Amino acid sequence: MKVARFHAPGDIRVEDAAEPVPGPGDVAIRVRNCSTCGTDVKISRFGHHHIRPPRVMGHEIAGEVVATGADVTGWAPGDRVQVIAAIPCGRCEECRRGHLTVCPNQESMGYHYDGGFAEYTVVPAKVLAVGGLNRIPDGVGFAEASVAEPLACVLNGQELARVGDGDDVVVIGAGPIGCLHVRLARSRGAARVFLADINAERLEMSAERVRPDAALTGTDLVDQVLKLTDGRGADVVVTAAASGAAQEQALGMAARQGRISFFGGLPKDDPVIACDSNLVHYRELTIVGANGSSPAHNARALRLIASGAVPVADLITHRLPLASVLDGIETVARGAAIKVTIEP
């Protein structure tokens, strides 16, 4: 079979590999779609401390079962499935407390285990042990199902930020994650959702699809948001971009008792921002992080897609064969797409 393997920063190769055989507790799947994201761009350029090359990349995986290990029950060839990316151990103190997204022993598809940029891949027993192999609902295509993983992360972020009825929500970052935040916020009852990005072309492309109440660009985002909200500010601000400036702006545009989601992580060599602590203190602001998703978030994300509450099909702007995976990653890097999916 063909796979796309990371060998070193700047060295990803589409090459031949033996078709994998599942172990006793594993499931082998034929990958039908594995979508790309900004993390793939970072790995391609800088590597990752959890990746020991060579490693098959790709963590937004959907496909169909082709074989099961001798100890596996409940799954059979032909089952259509979506796979979690982040694998909690299910046994540590955080997992026992229900904090699966911050499991200190977390492993990941495409990092610790070969991922979905391949014709076939093996879903490890550890995934099945935590309920991380999900049946794709009828009427949901493989490409849409592959978007359940990023939507699960967005769902985790909005639950932590308590997005709900009547909220004015600002989403900073108009990439695929920003688009999903706009649509999920609407499904959770937000009154108005504003989408912002410094890349005017990407903002226009995304706004055409997700139709925010306003599309904002420029350096004066705080002033624009205050004007749109009659000086009050936004109930929720989501920074769906790896931008310290966006996080600082979020503090200035949040309403009293507003919630701020630092959804996008910052570069490890520049993780510190200026925080006006008095704004947080006197306005009673809440700042929350958001780190991936749990298996349960993935299952709920699939249901949101299946019900039509969060449409995703129109966000998939590029469908490419495995041989073109490098082109796909570069397209993501340029901000020239919303969602790029690979179809091995």
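So here's what I'd like to start with: how are α5 and α11 oriented to each other? Keep in mind as we go that this is a predicted model.

Find α5, residues 148–160, and then α11, residues 295–307. Their axes come within 8 Å, and they cross at roughly 105 degrees. Anything from 65 to 115 degrees counts as roughly perpendicular, so α5 and α11 are roughly perpendicular to each other.

Who makes that contact? On the α5 side we have Ala 148, Glu 149, Leu 151, Ala 152, Leu 155, Asn 156 and Glu 159. From α11 come His 297, Asn 298, Arg 300, Ala 301, Leu 302, Leu 304 and Ile 305. Sort the contact by class and you get 8 nonpolar, 3 polar and 3 charged residues.

Let me pick on one of those, Glu 149, which sits in α5. Is Glu 149 buried or exposed? Well, Glu 149 has a relative accessible area of 7%, and the cut-off for buried is under 20%, so Glu 149 is buried. Its neighbours, leaving out residues up to four places away in sequence, are His 59, Glu 60, Gln 82, Ala 85, Ser 293 and Asn 298. And look across to Pro 295: that residue is 146 residues away from Glu 149 in sequence, yet their C-alphas are 9.4 Å apart.

Now hop over to Gly 175. You'll find Gly 175 in the loop between β11 (168–172) and α6 (176–187). Gly 175 is a loop residue, but it also counts as buried, at 9% relative accessibility. Val 27 is 148 residues from Gly 175 in sequence, and here the C-alphas are 32 Å apart in space.

Okay, zooming out to the whole chain. There are 12 helices and 18 strands in it. The radius of gyration is 20 Å, close to the 20 Å that the globule rule gives for 344 residues, so the chain is as compact as a globular protein of that length. Along the principal axes, the C-alpha trace spans about 60 × 40 × 40 Å.

How much of the chain is buried? Buried residues are 53% of the 344. As for the accessible surface, that's about 14600 Å², with 49% of it belonging to carbon and sulfur atoms. And among contacts between residues at least 6 apart in sequence, 70% join residues at least 24 apart.

That's my bit, thanks!

Conventions
Residues are numbered from 1 along each chain as its sequence is written. This is a predicted model: local features need pLDDT of at least 70, side-chain atom pairs count only at pLDDT 80 or more; totals for chains, interfaces and linings use all residues. Side-chain values use heavy atoms; hydrogens and water are left out. Axes are lines fitted to C-alpha atoms, for helices over the stretch in contact, and angles run from 0 to 180 degrees between N-to-C directions. Helices (H or I, at least four residues) and strands (E, at least two) are DSSP runs, numbered from the N terminus. Angles under 35 degrees count as roughly parallel, over 145 as roughly antiparallel, 65 to 115 as roughly perpendicular and the rest as oblique. Contact means heavy atoms within 4.5 Å. Ala, Val, Leu, Ile, Met, Phe, Trp, Tyr, Cys and Pro count as nonpolar, Asp, Glu, Lys and Arg as charged, and the others, Gly among them, as polar. The radius of gyration is taken over C-alpha atoms; the globule rule is 2.2 Å times the number of residues to the power 0.38. Buried means under 20% relative accessible area, exposed over 50%, partly exposed in between (1.4 Å probe, protein chains only). Accessible areas come from the Shrake-Rupley method with a 1.4 Å probe; for residues, only the protein chains shown count as cover.
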